[in-house]
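Reader: I would like to learn how to read pockets, cavities and a ligand site in a model. Please take them one at a time.

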Amino acid sequence: MENVKIRVGDFNFYYGKAQVLKNISIDIVENKVTGIIGPSGCGKSTFLRSINRMNDTIIGARAQGRIIIDGRNIYDEDVDVVEIRRKVGMVFQKSNPFPKTIFDNVAYGLMVNGVKDKYYIQDRVEKSLRDAAIWDEVKDRLNKNAFELSGGQQQRLCIARALAVEPQIILMDEPASALDPTATLKIEELIQELKKKYTIIIVTHNMQQAARISDFTVFFMLGELIEYNITNIIFTKPAKKITEDYITGRFG
Amino acid sequence: MKIKQFKEMVGFGILRLCVGMVIFILVIILYDIISKGIGIISWKFLTAMPKNGMTEGGIFPAIVGTVLTTAITALLAIPLGMGCAIYLNEYAKDTLITRLIRMAIRNLAGVPSIVYGLFGVILFVETLNFGTCILSAGLTLGLMTLPWTITASEEALKNVPNSYREGALALGATKWQSIKTNVLPYAIPGMLTGTILGLSRAAGETAPILFTGAAFYLPFLPKSLFSQFMALPYHLYIMSTQHHAISKVRPIAYGTALVLIALVFAMNLFAVIIRYRLRKVRME
Ligand SMILES: Nc1ncnc2c1ncn2[C@@H]1O[C@H](COP(=O)(O)OP(=O)(O)OP(=O)(O)O)[C@@H](O)[C@H]1O
Ligand SMILES: [Mg+2]
């Protein structure tokens, strides 16, 4: 039986007066990859950033409705945002390594969460880098600045950084958008590996990629959830004409 | 094509001329001061008390006075300025009030220094009853420097990409943790540079210390922070406009000017070095 990890109910989101998410309701299944597709500006990133309350940092932004993770509405007033963000990791649309060493990048999350044990940190850093399929490329230069890595390596480093704090959910905003086919392939393989342990939500503009890696697919348009189903069904016999048009590239 | 190239040449020519003129003026001023001041500079001039109504002797108390007031200025302006900047840039919401505060700070930077001097008299000398002394003068200069420190520090904080903050928060850092470990380390070089430039400007100011503690002629060192003191810029002012034998003390005036310039230059150099070193540490 499949477990629901995240239950979104009647969720609305506003930037000032502009409503960018309209009445979203969706159940996200545990240990599966859920892909989000939709035209640019339809609110995919906003939706993703709502799940770890990253949008709190934006002035004038307002959320309304429920996002329930493990039975707890993360928008309840007494919820500790820091706690949520530790549980819900995020890999940003633009890879954003910190100007620190490779080691310190991965150890950062542990450090701010109060982990002191050096050996434990070393273990976690190595494990996370291995999980992110980048260990072999960086093991000899952990003390080098992360900016020396290539774009694809930086993106995998950011994934390792997110894994290090052992979240339960990982949000990925177009993690492969700036990568070449080889690096993209590596990240796709990685995601298949990761879903054994994590619940993954991934935004992508690449239809083939969505079809390849996700178990479920969500189609957003103009802030509305148009269709949500098993990936296979969305891509072979979508319920709505507009979904089919988008997937086959028949509209802008 | 030819016309385009010609226009380029003229454009660059004008820009070069501007730079050239600025450098030319600077060189003339420096040459004037150095050539007329270098003769009197000696170990004795730097370490001796002034004598005979300032017609002889050194400028030691003025150097000490300026260094001490600048130290107090720094103690006030650096922590307070950085704190304000951190609050304004990282914590304050973008409301009408914060915008007004920010505008007020920008405007304060343009208030003439003599006005700060008057304010210093009222606040430190009279209301807080510190009297005319090093402390009052240093604090007055500190207030004057604050707007510059805040503005420069805020600018430095703005230069830290938002993705560093968001990246830290997304890993479960608290707001202060993200600022402390992922913003400040990259902003501090810029903050310090701006601050030290502000301080070196304060070190050369005369008006604010005029009423708050600087003394005409004190051939001994200040006993405490509540003593009056001599200061290089004020000494220079006296020597070149108020002294009874101006032409006789001209060399001393030039020597004082040279020492003041050297001091300010050293501070600016220090700012450059800090920035360079911190930058290197960060890039490693
Ligand atoms: N910080 C913000 N302030 C105001 N409006 C915003 C902000 N961020 C996004 N928006 C608006 O919200 C809408 C949804 O943006 P969002 O970034 O979620 O789209 P997206 O689906 O991720 O697009 P893309 O595929 O191009 O990344 C857009 O119309 C955008 O202009
Ligand atoms: Mg986006």
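**Pockets, a cavity and a ligand**

Author: The second largest pocket has a volume of about 290 Å³. This is a predicted model, in which local features need pLDDT of at least 70 and side-chain atom pairs count only at pLDDT 80 or more, while totals for chains, interfaces and linings use all residues. Residues are numbered from 1 along each chain as its sequence is written, chains are lettered from A and ligands numbered from 1 in the order in which they are written, and side-chain values use heavy atoms, with hydrogens and water left out.

Reader: What counts as a pocket, and what as a cavity?

Author: Both are found on a 1 Å grid over the protein atoms alone: a cavity is a set of points where a 1.4 Å probe fits but cannot get out, and a pocket is an open set with protein on both sides within 12 Å along at least five of seven lines. Lining residues have an atom within 4 Å of a point. Grid points are joined across faces, edges and corners, and a volume is the space filled by probe spheres set on the points.

Reader: Which residues lie nearest the centre of the second largest pocket?

Author: They are F92(A), K94(A), N96(A), S163(B) and E166(B), out of 16 lining residues. Helix 7 of chain B gives the most to this lining, with 4 residues; helices here are DSSP runs of H or I, at least four residues, numbered from the N terminus.

Reader: What is the volume of the largest pocket?

Author: About 930 Å³. Its lining has 35 residues, and the closest to its centre are D56(A), T57(A), I58(A), E90(B) and K175(B).

Reader: How many cavities of 30 Å³ or more does the search find?

Author: The whole structure has 1. The space in the largest cavity is about 30 Å³, and its lining includes T66(B), L141(B) and E205(B). Helix 3 of chain B gives the most to that lining, with 3 residues.

Reader: How many residues surround ligand 1?

Author: A residue is near a molecule if one of its heavy atoms lies within 4 Å of it. Around ligand 1 there are 13 residues, and among the closest are S40(A), K44(A) and H205(A). Helix 1 (residues 44-51) of chain A gives the most to this shell, with 3 residues.

Reader: Which side chain has an N or O atom 2.5 Å from an oxygen atom of ligand 1?

Author: That of T46(A). For S45(A), the distance from a side-chain N or O atom to an oxygen atom of ligand 1 is 2.7 Å.

Notes: Polar contact = N/O pair within 3.5 Å; in protein donor to acceptor, adjacent residues only side chain to side chain. Helix = DSSP H or I, 4+ residues; strand = E, 2+ residues; numbered from the N terminus.
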